[in-house]
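Good morning, colleagues. Please look at the sequence and the structure on the screen; I shall begin with one residue and then turn to the whole chain.

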Amino acid sequence: MNTNLYNYILGIADNSLILGQRMGELCGHGPNLETDIACTNISLDLFGQVRGYFQYAAKIANDGRTEDDIAMLRKERDYLNVLLAEQPNTDFAYTIGRQFLFDVYHLLFLTELEKSKDLTLSAIAKKSIKEVRYHQRFSSDWVKRLGDGTEESHSKMQQAINDLWTYTDELFHQTEADKAMVEEGIGVDVTKLKKDYYEKVSTILEQATLEIPESKYFQKGGKEGIHTEHLGFLLSELQYMQRAYPNMDW
């Protein structure tokens with residue numbers, strides 16, 4: 001098994017899996033029907049994308065595990081998503097802020113992944129990029145709407161960005177698997193996305209009349225399997241059906 005490629009795929013897929021679960025939690029709880037459906041559709045998009053990744057991961061592993069086993073039956077420390085993706089839906093501003101901060105990165109990442117020498121990863125990126133382009137437009141519009149809205153919505157949106165900002169730098173942290181795949185022309189060198197990312201994020205925040213956080217302290221660890229307390233609770237929900245009724249298919 002190509003362990004570096006396998007772990008690289010998990011690092012990409014787990015971000016969308018965990019964020020998709022978070023957005024799915026909003027089904028029936030959105031501020032209005034249109035937004036509720038939009039958030040649920042984003043969740044479905046992300047889950048649709050991860051199926052391609054996990055099917056490929058199962059093929060590489062070649063150990064009898066299915067996409068369902070890899071997606072649902074790993075232990076907490078085996079998930080390699082960034083900490084940003086697992087942060088809870090504290091309120092709608094936090095949900096939108098988390099989605100926005102990830103979407104800007106996700107679109108930049110997929111644009112580069114399209115160029116991968118790995119034809120499977122390139123194909124998944126090409127298929128996903130249209131959806132993620134919509135995700136970014138949706139979350140950006142809501143950041144501007146809340147930031148430049150009422151005094152209360154501005155305050156809540158600013159607080160959400162302030163609190164979530166500490167998780168953004170991890171997006172550009174490279175694991176050993178990342179470095180190995182970059183050398184082979186398969187992976188994306190995320191360190192080269194950092195400047196463009198913060199420029200794009202800052203532009204939207206300025207349009208939303210929000211202040212760009214000045215904090216220089218950032219948290220990381222998710223890409224190495226070290227997570228916040230929130231992931232365990234999320235996985236208990238995500239994995240329940242698969243563990244209670246083994247061998248179910250998506």
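Predicted model: local features only at pLDDT ≥ 70, side-chain atom pairs only at ≥ 80, totals over all residues.

Is Asn81 buried or exposed? In it, the relative accessible area of Asn81 is 0%. Because buried means under 20% relative accessible area, Asn81 counts as buried.

Let me place this residue. Asn81 lies in the loop that runs between α3 (67-72) and α4 (83-86). Its side chain makes a polar contact of 2.9 Å with the side chain of Glu86. Leaving aside residues up to four places away in sequence, Asn81 touches Asp14, Asn15 and Ile18, as well as Glu86. Further along the sequence, Asn81 also touches Gly222, Lys223, His227 and Leu231.

I now turn to the chain as a whole. The protein chain has 11 helices and zero strands. Its radius of gyration is 18 Å, close to the 18 Å that the globule rule gives for 250 residues, so the chain is as compact as a globular protein of that length. Along the principal axes, the C-alpha atoms fill a box of roughly 55 × 40 × 30 Å.

What share of the contacts with a separation of 6 or more comes from residues 24 or more positions apart? In this protein chain, the figure is 81%. As for burial, 54% of the 250 residues count as buried.

Finally, the surface and the charges. The protein chain exposes about 12000 Å², and carbon and sulfur atoms supply 50% of that area. There are 27 positive and 39 negative charges, and their mean positions are 5 Å apart.

Thank you for your attention.

Technical notes
Residues numbered from 1 in each chain as written. Heavy atoms only, no water. Helix = DSSP H or I, 4+ residues; strand = E, 2+ residues; numbered from the N terminus. Rg over C-alpha atoms; globule rule 2.2 N^0.38 Å. Buried < 20%, exposed > 50% of the residue type's maximum accessible area, 1.4 Å probe, protein only. Contact = heavy atoms within 4.5 Å. Areas by Shrake-Rupley, 256 points an atom, 1.4 Å probe, with all protein chains shown as cover. Lys, Arg positive; Asp, Glu negative; His and termini not counted. Charge placed at Lys NZ, Arg CZ, Asp CG, Glu CD. Polar contact = N/O pair within 3.5 Å; in protein donor to acceptor, adjacent residues only side chain to side chain.
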